[in-house]
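Please keep the view open as you read the points below.

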2 protein chains.
Amino acid sequence: MKSLKCLVFDAYGTVFDVHSIVAALDRIFPGQGPEVSQAWRTRQLEYTWLRSLMDRYEDFWKVTESAIVATCNAMKLPLEAKTRAELMKAYLSLKPFPEVKQTLSTLSKIPKAILSNGNPKMLGDVVKNAGLEGAFSHLISVDEVKIYKPSPAAYQLAVKTMGANAESIGFVSSNFFDVAGAKVFGFRTYWVNRSNVSGEGLGVTPDAILKSLSDLIELVKS
Amino acid sequence: MKSLKCLVFDAYGTVFDVHSIVAALDRIFPGQGPEVSQAWRTRQLEYTWLRSLMDRYEDFWKVTESAIVATCNAMKLPLEAKTRAELMKAYLSLKPFPEVKQTLSTLSKIPKAILSNGNPKMLGDVVKNAGLEGAFSHLISVDEVKIYKPSPAAYQLAVKTMGANAESIGFVSSNFFDVAGAKVFGFRTYWVNRSNVSGEGLGVTPDAILKSLSDLIELVKS
C-alpha cells in the first residue's frame, strides 16, 4: 500500500455541522428548526445532484438559497427576504464539530485540505469564522469544474491541487455518497459515521469507518 | 410553435402508482406501509442520481432492490430474502392511476411511448400486467445508455426512437426533476402534479401543469 501523503476533508457535515443552524431556524420557526434543517439539507443535496446530471450548474450559494426557499414553500412557512438573508449569512458561520480543532492541530504534520461543494467565498468565510484558517493548506471548491460531488471531476481537483496520486490521498467525509464517489475515484476513504447510520446501496465499502474525526489520529500514525 | 408529433410518458409515478405497493408493505410491516414506501422511493431515486454521477450504473431492478434493503436496514425492519423477492415481484404489478386507461384510449391517434428508468423486462411486465400492451408503440428504457434521468442522454433516446425533433415531443411526467431534465433537453413538458406539490429550485418552468393525465386530452386537441 502506498503511504499516505495528505488528508482531504469534506466540509459540510464533516468538519462543519450543517445542523448547527437549527438554533437560528428554531427562533424563526419555533419548534420546527430540526425538521426545516433536515429538509433544507436534503433538498440542497438533491439540487446539486440533479443540476450536475442536467448539466445546469449553479454555485452552492444559489443552490443553498433555492433549497431553503423551496423547503419553506413545501412546508408552507413564510420566508421574508430579510429572514432568508439572515439564514444564508448563518451558513457562513456553521459550527465545527467539537473534536475538529484539537484533531486538526494534532495532525499538524500531514498536509490537509478541504474539498467541498461550497463556493470559494463560502469556504473562506466558514473556515475563518471557525478560527481554522491555519489548519488547511488549500480550500478546494468544485466551483472550478462546475459539477458537484460525487462526480469524478470534483475529486480530480484534489489530485491536481495536492500534487499527489489518488491512492496516496486519504479522503474524509461524513456523507456516505461522498465517500462512495471518492472510493470509486480511487482515494483511500475514511467515513466519519457520527450518528451510526447505515451506508449501503452504492456498491462501495469505505477503507475505514470512524466514530469521529479524532479517530484519524490513530489511523494516520499506523 | 412546431406541431406535436408524439407523447412520451414517464412510467413510475406518472402512469403507474409506485405507492400502490403500500398495501403489500402494510401486510409485511403493519402500520408502516406508507412510510416504508416513501423511504424506498426516495432512496431508489437517490441511487439512480448518485450512480449516474459516479458513472457506476446498475439497472433499475438492482437499484430498486438495494433501495428496499437499505430502507429496511435504516428503519430496523427485518427483511427476509423471501419477503424481498415478493416485494420486488409486486413492483412488476404496480397499478396504473385511475384515469390512465381511459386517457390513453382517448388519445389513440397520437403516437405514444414510455421513456423510463425501468429496465426492459420491468417495463414489459408492468405494462402487460396493467393491460396496457396496445397503448404504447415503444417502451424505451434508459438501460440502453446506462445512465438515468435527468441526464440528457436518457431523453435523447426518445428522439432517436420516435424519429421526431425534441420540440415536437410532448413529455409527460409527475416527477418534477424529470420534467426539469426534459425541459432543459428541449421537450415540450407537461407536469402532472396530482398532489399539488411545489416544483422549483431547478430553474425550470414546465410548459403546462396538469392535475391528472386526463387533462392531456384537451391539451392535445388545441
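1. In which sense do β4(B) and strand β5 (residues 188-192) of chain B pair, and over how many bridges? They pair in the parallel sense, over four bridges; strands here are DSSP runs of E with at least two residues, numbered from the N terminus, and two strands pair if DSSP finds at least two bridges between them. Tyr190(B) in β5(B) is the bridge partner of Val172(B).

2. A word on the basis: this is a predicted model, in which local features need pLDDT of at least 70 and side-chain atom pairs pLDDT 80 or more, while totals for chains, interfaces and linings use all residues. Residues are numbered from 1 along each chain as written, chains are lettered from A and ligands numbered from 1 in written order, and side-chain values use heavy atoms, without hydrogens or water.

3. Strand β1 (residues 6-9) of chain B also pairs with β4(B) in the parallel sense, over four bridges. Here Phe9(B) stands opposite Val172(B).

4. Now look at β4(B) itself, residues 169-173: five of its five residues are buried, meaning under 20% relative accessible area with a 1.4 Å probe, protein chains only. Ile169(B), Phe171(B) and Ser173(B) point one way, and Gly170(B) and Val172(B) the other. In a regular strand, side chains alternate between the two faces of the sheet.

5. Finally, the chain contact (heavy atoms within 4.5 Å) takes 29 residues from chain B and 28 residues from chain A. Leu53(B), Met54(B) and Leu202(B) supply 28% of the area that chain B buries against chain A, buried area being the accessible area (1.4 Å probe) that two parts lose on being put together, summed over both.

Definitions and conventions. Buried means under 20% relative accessible area, exposed over 50%, partly exposed in between (1.4 Å probe, protein chains only).
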